[in-house]
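This report describes how two chains meet in a structural model. The sequence and structure come first, then the account of the contact.

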2 protein chains.
Amino acid sequence: MPIAEFNLINRFFKQKFPIRKDVVLGIGDDAALCTAPAGMQLVMAMDTLVEAVHFPINTKPEDIAYKALAVNLSDLAAMGATPAWMTLALTCPKVDEVWLRRFSQGLLELATAAEISLIGGDTTRGSLTVTIQVTGFVEPELALQRNAAQPGDAIYVTGTLGDAGLGLAAIEKRITLYSEMQNYVESRLNRPTPRLKEGKQLIGIANACIDISDGLLADLNHILTASKVGATLNLENLPLSKALQSIDRKTAVELALAAGDDYELCFTVPANKKPLIAATRIGTIEQQLGLRCLDKQGKIFASEKYGYEHFS
Amino acid sequence: MPIAEFNLINRFFKQKFPIRKDVVLGIGDDAALCTAPAGMQLVMAMDTLVEAVHFPINTKPEDIAYKALAVNLSDLAAMGATPAWMTLALTCPKVDEVWLRRFSQGLLELATAAEISLIGGDTTRGSLTVTIQVTGFVEPELALQRNAAQPGDAIYVTGTLGDAGLGLAAIEKRITLYSEMQNYVESRLNRPTPRLKEGKQLIGIANACIDISDGLLADLNHILTASKVGATLNLENLPLSKALQSIDRKTAVELALAAGDDYELCFTVPANKKPLIAATRIGTIEQQLGLRCLDKQGKIFASEKYGYEHFS
């Protein structure tokens, strides 16, 4: 049965969020009404964060909201799309006004920066679970996809890899860091940066693109499988932050390859083009299927499947 | 962290669902790509069902899926919209292939009937929670809303009221019914009928429309508040199924007014028009604010707020 007091939350969220001009009717009726720009394709994604699975217990509510939106915006970024509208399904154990105000504030912060309107959703009682659905636009036939990498393409990633994994290891006290580095990697874990500007700039340049949520090996493997190609990665070229550089090299490389939650873009660019955005070249697409990892000594790690367990 | 085995589920769902022609890219990339029909407004809704809150523990997986989609389609029906696409966020405690196959089957059944494509979503590990987001179309300025009821409008409802509430009472053994009636009310609880056809036929006829999820009093009250009007309900006219007629009259009326989960449409029609669909007239919109309930003896139940607790 619906819980009457939970209806208050919709009003709470409604008051805070700016409404785009293309939102005809926002929160408050049975459904929202929106006008899509003529001639554009709609791009739609939906991701869920579950407490203790996708974020640690005791994560700040503003960070939970920020991340829940960021991981969805990252999916739009990976398609080269421009965000427009979102719906929010928030399941939480009780009505805690302070918690909700902080959650709402974190959502508002990123929504404002990304110019995306909250147009509706649902609030229910249960274990803390946040699902956000986002809709954006892209010009027809220009969306970046996973399935068009070509042999000879250079493989790039934005930003640095492994920070979120190190952040989680630090929070769980598996690794000890200086406080400045700990703050940095926790921020990377809790507030990933959706690479929206970069995604749009890669349209017409990248052959294939994906966002790194499951880890570089797993997500690059999605490109390889969909494109029916293979690749070699040069591990010495992996972009590592100072925090990653401060820890044991083997652990750092493992985190960069397989920890996931980075929300950087991994994309491939044909040899005759340049990415024109800040990105690091980490390898090459090849005809030979499978994913090969070269270290400094030229040693090859077979990594035919994906993920940490297959790498180590 | 994402759970690798959960990615299998996307492939599982992908294979089953028909793809509409306006779906350019469905499940399998970072986001889906769709083409909206030119000149139409988009109608978007999102609802969550949580185990033990919105459906009893041990509800059949095919019924959980059916209901999760039905309650969302009901929101589109209340706007007079035509459904097109949905995204699914399924959180469940473990990967149970039999359970998933049955869940998928229930979703497929209603999706096929409603001609709606599953275009994406997320599968995560946690307490059983199902969020569905639906997108449909409506012609600009024709969507049915809550805020346009006028004094003198007749108030109608589709179908019968209180069946779902009686179904829950029977499952929880608070009320004993003959098995035929028990089957009927359980079916009404688990597989509500989204009134999509009726909603579309009410465009240009109804001044205001809402679907009954929280109970007639609560949802009619949403119309009254949004439209700044009041109403009188004639309780003897409430449409009750044989199952409701078989129980104590006072309980039946309470269930019909306040139990919720009916997913019938409640709508208002100006005096010079007829609804042209199967529906029962239950009252009249009035200028005087508040909601008044008349029984056979003409006695007035004040019901200024909403819900069962205020009625009794």
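## Strand pairing across the chains

Two strands are taken to pair if DSSP finds at least two bridges between them. Strands (E, at least two residues) and helices (H or I, at least four) are DSSP runs, numbered from the N terminus. Strand β3 of chain A (residues 41–50) runs antiparallel to β2(B), and three bridges join them. One residue of this pairing is A:Met44, whose bridge partner in β2(B) is B:Ala32.

## Basis of the values

The model is predicted: local features need pLDDT of at least 70 and side-chain atom pairs count only at pLDDT 80 or more, while totals for chains, interfaces and linings use all residues. Residues are numbered from 1 along each chain as its sequence is written, chains are lettered from A and ligands numbered from 1 in the order in which they are written, and side-chain values use heavy atoms, with hydrogens and water left out.

## Extent of the interface

Chain A and chain B each give 60 residues to the contact (heavy atoms within 4.5 Å). Between them the chains bury about 4900 Å², buried area being the accessible area (1.4 Å probe) lost by two parts on being put together, summed over both. Carbon and sulfur atoms carry 57% of that area.

## Salt bridges

Four salt bridges cross the interface (a side-chain nitrogen of Lys or Arg within 4 Å of a carboxyl oxygen of Asp or Glu). A:Arg146 forms a salt bridge with B:Asp29, with 3.4 Å between the closest N and O atoms. On the side of chain B that touches chain A, β3(B) gives the most, with nine residues.
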